[in-house]
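Subject: Structure handover

Hello,

Please find the structure below, with the sequence. My notes on what was found in it follow.

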Amino acid sequence: MSKPSLLHVIKSVIAAVIGVQSNKNREVDFQHGSLPAYIVVGLIVTVLFILTIVSIVSAVTGG
């Protein structure tokens, strides 16, 4: 199997964050994936999640 695409990495990271990552996808990630790609995408997803939460709280509180 070839190296996973960027879209696959993004889907895999989001599935892992939510907690619905399948065992098959996890195995593909560990066997064929690039650790730096997963780390970078994971950090980006985390920052976007935090910014989303901050924006929602700011909108609700009127601040």
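The expected span of a helix is 1.5 Å times one less than its number of residues. Helix 1, residues 6–18, has 13 residues and should therefore span 18 Å; its end C-alpha atoms are 18 Å apart, in agreement with that value. Please keep in mind that this is a predicted model.

Overall layout

The chain has 3 helices and 0 strands, so its pattern along the sequence reads α-α-α. With a radius of gyration of 15 Å, well over the 11 Å that the globule rule gives for 63 residues, the chain is more spread out than a compact globule. The C-alpha trace spans about 50 × 20 × 15 Å along the principal axes. Of the 63 residues, 17% count as buried.

Helix 1

Which residues of helix 1 are buried? They are Val9, Ser12, Val13 and Ala15. Because these residues cover an arc of only 165° around the axis, they sit on the same side of helix 1. As a general point, an α-helix has 3.6 residues a turn, so residues three or four places apart point the same way. The buried residues of helix 1 pack against helix 2 (23–32) and helix 3 (35–61). On the face turned away from the buried side, helix 1 carries the exposed residues Leu6, Leu7, Lys11, Val17 and Ile18. Just after helix 1 comes Gly19, which takes a positive phi of about 100°.

Ser12

Ser12 belongs to helix 1. Is Ser12 buried or exposed? Its relative accessible area is 5%, and the cut-off for buried is under 20%, so Ser12 counts as buried. Neighbours within four places in sequence aside, Ser12 is in contact with Gln21, Asp29 and Tyr38.

The annotated span

An unreviewed UniProt entry lists residues 35–60 as "transmembrane region". In the model, residues 35–60 are 100% helix and 0% strand. The end C-alpha atoms of that span lie 37 Å apart.

Regards

Terms used. Residues are numbered from 1 along each chain as its sequence is written. This is a predicted model: local features need pLDDT of at least 70, side-chain atom pairs count only at pLDDT 80 or more; totals for chains, interfaces and linings use all residues. Side-chain values use heavy atoms; hydrogens and water are left out. Helices (H or I, at least four residues) and strands (E, at least two) are DSSP runs, numbered from the N terminus. Buried means under 20% relative accessible area, exposed over 50%, partly exposed in between (1.4 Å probe, protein chains only). The arc is that of the directions from the helix axis to the C-beta atoms. Contact means heavy atoms within 4.5 Å. UniProt positions are given in the numbering used here, feature names are shortened, and annotations may be inferred rather than shown by experiment. The radius of gyration is taken over C-alpha atoms; the globule rule is 2.2 Å times the number of residues to the power 0.38.
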